[in-house]
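Look at the chain from end to end before reading on. The paragraphs below start with the sheet and then turn to the links between side chains.

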Amino acid sequence: MKLLTTLAALIILVSVVLSCRMAETLTGSPSAGTVSALWTDVPPFDGATKADLEIPLAARLAIRAAMQGRVSFIAFTTTRSARDVRDFYSKERMLTAGWKQNEPGCVGDTESEKDTQGVVCFFGRTEGEKKEGLAIVVATDTKTKQTEIFYARIDASDPAS
């Protein structure tokens with residue numbers, strides 16, 4: 001149930017971020033998220049470059065409050081399309097890396113050839129008492145035409161255990 005609450009919070013975050021035109025509202029920052037490197041159990045997207053981007057402050061504060069500080073993230077950019085990124089993070093590839101695709105899987109507007117803006121994919125895993133969620137948020141910057149990839153990892157374990 002806690003994982004469903006976590007996923008609901010992520011869906012709200014993604015909705016807020018995408019509705020605020022994430023690609024246009026992100027600003028450069030000396031901080032590239034809360035971690036300095038992509039986690040070793042998450043396959044890196046070939047050709048992506050670590051970027052100094054952050055989730056907009058209001059959305060970041062909301063998700064951190066909802067997750068009680070148990071969320072970390074990192075951002076990358078690539079010249080490849082949002083569809084390419086979505087296709088790379090397939091159910092099979094992520095299962096090989098130890099992640100199970102959570103419902104609703106990958107959602108977004110990458111079905112349209114003309115106006116692809118973004119997508120979010122949800123994954124989860126359980127190892128003993130530890131439960132984690134992973135959201136991969138992908139958005140196209142309409143000004144630079146680069147694709148921005150945000151990886152958000154959530155510790156969904158019961159804090160009492």
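Helices (H or I, at least four residues) and strands (E, at least two residues) are runs assigned by DSSP and numbered from the N terminus, and two strands count as paired if DSSP finds at least two bridges between them. This is a predicted model, in which local features need pLDDT of at least 70 and side-chain atom pairs count only at pLDDT 80 or more, while totals for chains, interfaces and linings use all residues. Residues are numbered from 1 along each chain as its sequence is written, and side-chain values use heavy atoms, with hydrogens and water left out.

The chain has five helices and six strands. Followed along the sequence, these elements come in the pattern α-α-β-α-β-α-α-β-β-β-β.

How are the six strands arranged in the sheet? They form an open sheet in the order β1-β2-β6-β5-β4-β3, with antiparallel pairing. The edges are taken by β1 (49–50) and β3 (100–108); each has a single partner strand, so one side of each is left without a neighbour in the sheet. In general, the strands of a sheet pair through backbone hydrogen bonds, either parallel or antiparallel.

Next comes the question of what is covered. A residue is called buried under 20% relative accessible area, exposed over 50%, and partly exposed in between (1.4 Å probe, protein chains only). By this scale, 47% of the 161 residues of the chain are buried. The area itself comes from the Shrake-Rupley method with a 1.4 Å probe, and for residues only the protein chains shown count as cover. The chain exposes about 8300 Å², of which carbon and sulfur atoms supply 55%.

Contacts show how the sequence folds back on itself. A contact means heavy atoms within 4.5 Å. Of the contacts in the chain with a separation of 6 or more, 66% are between residues 24 or more positions apart.

A disulfide is a covalent bond between the sulfur atoms of two cysteines; here the test is a pair of cysteine sulfur atoms within 2.5 Å. The count comes to one disulfide, which joins Cys106 to Cys121 with an S to S distance of 2.0 Å. Cys106 lies in strand β3 and Cys121 in strand β4 (residues 118–127), so the bond ties together parts that are 15 residues apart in sequence. The torsion about the S-S bond of Cys106 and Cys121 is about 115°, so this disulfide is right-handed. Cys106 is partly exposed, at 26% relative accessible area, whereas Cys121 is buried, at 2%.

A salt bridge is a side-chain nitrogen of Lys or Arg within 4 Å of a carboxyl oxygen of Asp or Glu. The structure holds eight of them. One of these joins Asp41 and Arg153 (2.7 Å, N to O). Asp41 sits in the loop between α2 (22–25) and β1, and Arg153 in strand β6 (residues 147–155), so the pair links distant parts of the chain, 112 residues apart. Both Asp41 and Arg153 are buried.

Another salt bridge joins Lys130 and Glu132, whose closest N and O atoms are 3.9 Å apart. Lys130 is partly exposed, at 43% relative accessibility, but Glu132 is buried, at 10%. A network of salt bridges links Asp41, Arg125, Glu127, Lys130, Glu132 and Arg153.
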